[in-house]
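Here are some notes to read alongside the model. Please keep the structure open while you go through them.

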Amino acid sequence: MPGAIHAEGLVKTFGDVRALDGVDLDVPEGTVLGLLGPNGAGKTTAVRVLTTLLQPDSGKAVVAGIDVLKHPNEVRRQIGLSGQFAAVDEYLTGRENLQMVGQLYQMSARDAKARAAELLERFNLAEAADRTAKTYSGGMRRRLDLAAALVVRPPVMFMDEPTTGLDPRNRLALWEVIQDLVAGGTTLLLTTQYLEEADHLAHDICVIDHGKVIARGTSDELKARTGGERVEVVVHDRDHLVTATEVLGGFGKGETAVDNHTRRITVPVSGGAKLLAEVIRELDTRGIEIDDIGLRRPTLDDVFMSLTGHAAEEKEEESQ
Amino acid sequence: MTTVTDAVSTSAPRTSNPIVQSVRDSLVVARRNLIRMLRIPEVVIFGLVQPIMFVVLFSYVFGGSMNVGGSTSPALYREFLMAGIFAQTVTFATAGAGAGIADDMHKGLIDRFRSLPMARGAVLTGRTLADLVQTALTVVVLAIVAVLVGWRVHEGLPKALAAFGLLLLLGYAFSWIGALIGLSVRTPEAATSGGLIWLFPLTFISNAFVDSNQMTPWLRHIAEWNPFSATVLACRELFGNLPPGYQTPDVWPMQHPALASVLWSIVIILVFRTLAVRKYRSATA
């Protein structure tokens, strides 16, 4: 059975740029899909197609069981959209914004009013409810935007980079809200540039680059595919780097990476904690003092690096 | 932030009648635009200054040298002029509607609107309705100023109100042209100038400020068929502001100016509303 969000072979070109180059997605009901990729990878274009804002050149999209291309207005009754640019009217108060959105979702004026009050309370905006959104901080605007997307408690939600530009405290708060939503049964498609965010929130992850899905799976699957665990050592004395690299090379299952600047050596291994103990003993025997040592699993950064040959962050700067 | 415990998700309620929905959604959007106008009163105030300036400039600078219906009396010209200023003022709503819509189109809010299950023309209709309210307000203020400089109506209140009705209908029609311009340009600034530039030839090659009978023949033909001229002449008749020796040109829109004015406005609304709504739906902002 197709999921609450289902897309097949989506293609969208802007001039010469193939923003979507045959994207397939499937998000089972009640789960979160993290759509991961650098700026310009096609994440926002995918969201815009699925939320009826953009017509694809070809392909098929079904949201909440409804064909997006054939019945866009029916789809709109089932979805909530929270974008990367807080979509609120600055000259309206928080309350007026939510009431307007409620009424445009075809709620009665009275229901929209009651729902607005409820959401303002929940999103800690009650005190600022009657101030214009212009006076809100970035975090408050983002909360108001998210509240607007939740006015009808839509079964399917789309969030396009919901935490971009937020400070860590607000980001964590937003993560909590998202987790609560999903616990309540909402299906969510979330785009992000933050690997950590996808790791934290998403059941499944789709990595896209240049309009194509280049990998999909759970966070664990992606990490396993990239390679197992690795030992990471920071030596105290730069003069010990060469010797320490030799030692680690002896235990390694792959190429040893050395960062001269941070005096950090990383090597893929297999053998877990027992192996780590052996490494420590060996380094100690050779009289190499270490500042830090650890066994770590690949991060999504490693995944991204091995999939695209470049780090997510680097690519981002290029395309800006 | 406390927990969101909406255990049951629900889709949006359905409004059965599309016309009811369209009217309702348009009014919701109009209300939003009116609230914005109240919170950014500069826009409304500047909108008032320009026509008042025109009244004063035309009355006192040009007044003495204008020949209308064979008379050069400044007092007669002031009466003659006013319908032209009124009509020009209502059509300047074009620029406001255009700038407002261009501004909306380049903010995230338009994505919100387009992702909501609302009537498809409501964002634009709501905007044009709000502009109509603003235009009506401007016309009231302008009428007061006009009375102060000596303008009077001579055909009674019902006819004067009918004239104002024609003016507002024309203004409403023109705000749809503005809407289309606003959807077609990249910035609100471009919409403002794009909304104004063509209004100058349109309002000047008409009977708004001068007696079109005195134009060279080819210009006179344009002026007589100009939608603008029909409304202006209709208003002059309804206000009783035509100078005594005025010769009504012998062409259909000038012989039946009120009917011509209504027809022109309806045609403009039908054509430009259709184009604007189509453009809005396909716009990718």
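Predicted model: local features only at pLDDT ≥ 70, side-chain atom pairs only at ≥ 80, totals over all residues.

1. Helices α7(B) and α13(B) cross with a left-handed sense. Their axes come within 8 Å, and the crossing angle is roughly 25°. Angles under 35 degrees count as roughly parallel, so α7(B) is roughly parallel to α13(B).

2. Which residues make this contact? From α7(B), they include Leu166(B), Leu169(B), Trp176(B) and Leu180(B). From α13(B), they include Val262(B), Ile269(B), Phe272(B) and Ala276(B). By class, the contact of α7(B) with α13(B) has 17 nonpolar, 3 polar and 2 charged residues.

3. Now the largest nonpolar core. This core holds 150 residues. Seven names touch the most other members: Leu50(A), Val63(A), Leu189(A), Phe86(B), Ala87(B), Cys235(B) and Ala276(B). Helix α7 of chain B, residues 157–184, gives the most to this core, with 14 residues.

4. Look at Leu50(A) in detail. Set aside its neighbours within four places in sequence. Leu50(A) is then in contact with Ile5(A), Ala7(A), Ala61(A), Val63(A), Val68(A), Phe158(A) and Leu189(A).

5. Last, the contact between the chains. How many residues does each chain give? Chain A gives 44 residues and chain B gives 32 residues. On the side of chain A that touches chain B, the elements giving two or more residues are α2 (72–76), β6 (79–82), α3 (94–104) and α6 (168–183) of chain A. By class, that side has 24 nonpolar, 12 polar and 8 charged residues.

Terms used. Residues numbered from 1 in each chain as written. Chains lettered and ligands numbered in written order. Core = buried A, V, L, I, M, F, W, Y, C linked by C-beta atoms within 7 Å. Buried ≥ 20, exposed ≤ 12 C-beta atoms within 10 Å, placed from the backbone. Helix = DSSP H or I, 4+ residues; strand = E, 2+ residues; numbered from the N terminus. Contact = placed C-beta atoms within 7 Å. Nonpolar A, V, L, I, M, F, W, Y, C, P; charged D, E, K, R; others polar. Axes fitted to C-alpha atoms, helices over the stretch in contact; angles between N-to-C directions. Parallel < 35°, antiparallel > 145°, perpendicular 65-115°, else oblique. Left-handed = near helix turned anticlockwise from the far one by under 90°.
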